[in-house]
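Me: I have a structure to go through with you. Could you take my questions one at a time?

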Amino acid sequence: MQIMDKKSPIHITISKRDDSVTITQWVYKTLRNAVMYGEILPGRALTIRELAGILDVSPMPVREALRQLAAENALDIQGNRRVMVPKMTAMKFNELCEARIAIESHAAARALPYIDSAQLQQLRSLDKLIDKAQEDNDLAQISILNQNFHRALYTANPHQVTLPLIESLWLQLGPFMRLATSQLEEHYLVDRHNEAMTAIEKKDAFALQIAIAADIREGIAFAGTPEMLHAFIENAGA
């Protein structure tokens with residue numbers, strides 16, 4: 001299992017900062033994505049100084065970004081100034097996953113009337129990229145592209161209001177879902193994204209909800225029994 005210890009190297013995806021974005025905003029977005037995409041795994045303790053060094057910034061914007069992420073339950077700032085992924089329990093994990101299913105199924109159905117042929121093609125292109133990432137066993141790209149697929153689907157609705165809630169769940173689950181992906185020997189045995197796109201073509205909201213729910217559930221297939229889930233959470237540094 002891909003668990004980090006205190007000495008494991010950490011690799012954060014760093015994008016170029018646009019001049020219109022402040023350093024603090026850039027640091028926050030970079031660290032937020034790192035958590036959401038599972039680049040900061042359970043069990044790995046970080047410090048403000050280490051993160052500042054990785055991002056090549058002063059400690060101040062890192063400290064501010066961490067405060068925001070702690071408020072979003074994405075990271076936990078401990079008394080010794082170490083930063084870690086918050087501890088997870090089996091019950092909390094199940095609750096977060098069930099919340100994902102409920103909210104994202106709703107968001108998909110609400111977006112359906114607004115999806116045109118161009119947006120459907122975008123979803124197909126993203127799904128092909130996911131297939132390629134799976135062939136290459138590129139766990140980082142699988143996580144990023146999968147979230148991009150879901151985000152593109154939900155934001156087709158111009159009146160979308162649930163995305164902040166959805167991303168909050170992604171933030172709390174991200175480190176553990178990255179580990180989950182590494183545990184699935186036959187990840188996405190059935191292409192639920194393809195089922196979702198077929199439902200979109202048919203304008204079948206119920207079938208779309210079923211496909212999205214199945215996609216999320218199969219992403220946590222490693223936790224098929226309470227015993228498996230407890231073992232996974234314990235091994236993940238809970």
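Me: Where does Asn 157 lie?
Reply: Asn 157 is in the loop between helix H6 (139–154) and helix H7 (163–183). Helices (H or I, at least four residues) and strands (E, at least two) are DSSP runs, numbered from the N terminus.

Me: Is Asn 157 buried or exposed?
Reply: Asn 157 is buried, at a relative accessible area of 9%. Buried means under 20% relative accessible area, exposed over 50%, and partly exposed in between (1.4 Å probe, protein chains only).

Me: What is Asn 157 in contact with, leaving aside its neighbours within four places in sequence?
Reply: With those neighbours left aside, Asn 157 is in contact with Arg 110, Ala 111 and Tyr 114. Contact means heavy atoms within 4.5 Å.

Me: What should I know about the model itself?
Reply: This is a predicted model, in which local features need pLDDT of at least 70 and side-chain atom pairs count only at pLDDT 80 or more, while totals for chains, interfaces and linings use all residues. Residues are numbered from 1 along each chain as its sequence is written, and side-chain values use heavy atoms, with hydrogens and water left out.

Me: OK, overall layout. How many helices and strands are there?
Reply: The protein has 10 helices and three strands. Along the sequence the pattern reads α-β-α-α-β-β-α-α-α-α-α-α-α.

Me: And what share of the residues is buried?
Reply: Of the 238 residues in the protein, 49% are buried. Among contacts with a separation of 6 or more, 76% are between residues 24 or more positions apart.

Me: Which residues have the most contacts inside the largest nonpolar core?
Reply: Leu 31, Leu 153 and Leu 208 do, in a core of 67 residues. A nonpolar core is a set of buried Ala, Val, Leu, Ile, Met, Phe, Trp, Tyr and Cys residues joined through side-chain atoms within 4.5 Å.

Me: What does Leu 31 contact, its neighbours within four places in sequence aside?
Reply: Leu 31 is in contact with Ile 12, Leu 51, Leu 55, Ala 65, Leu 66 and Leu 69.

Me: Helix packing next. How do H2 and H3 cross?
Reply: The axes of H2 (residues 48–55) and H3 (residues 59–71) come within 9 Å and cross at roughly 115°. That makes H2 roughly perpendicular to H3 (65 to 115 degrees). Axes are lines fitted to C-alpha atoms, for helices over the stretch in contact, and angles run from 0 to 180 degrees between N-to-C directions.

Me: Which residues meet there?
Reply: Ile 48, Leu 51 and Ala 52 in H2 meet Pro 59, Val 62, Arg 63 and Leu 66 in H3. The residues of this contact of H2 with H3 are six nonpolar, no polar and one charged. Ala, Val, Leu, Ile, Met, Phe, Trp, Tyr, Cys and Pro count as nonpolar, Asp, Glu, Lys and Arg as charged, and the others, Gly among them, as polar.

Me: What about H5 and H8, at what angle do they pack?
Reply: H5 (residues 117–135) and H8 (residues 192–201) pack at about 170°, with their axes 10 Å apart. H5 and H8 are therefore roughly antiparallel to each other (over 145 degrees). Their contact has five nonpolar, two polar and three charged residues.

Me: Back to H3. Is Met 60 buried or exposed?
Reply: Met 60 lies in helix H3 and counts as exposed, at 63% relative accessibility.

Methods. Parallel < 35°, antiparallel > 145°, perpendicular 65-115°, else oblique.
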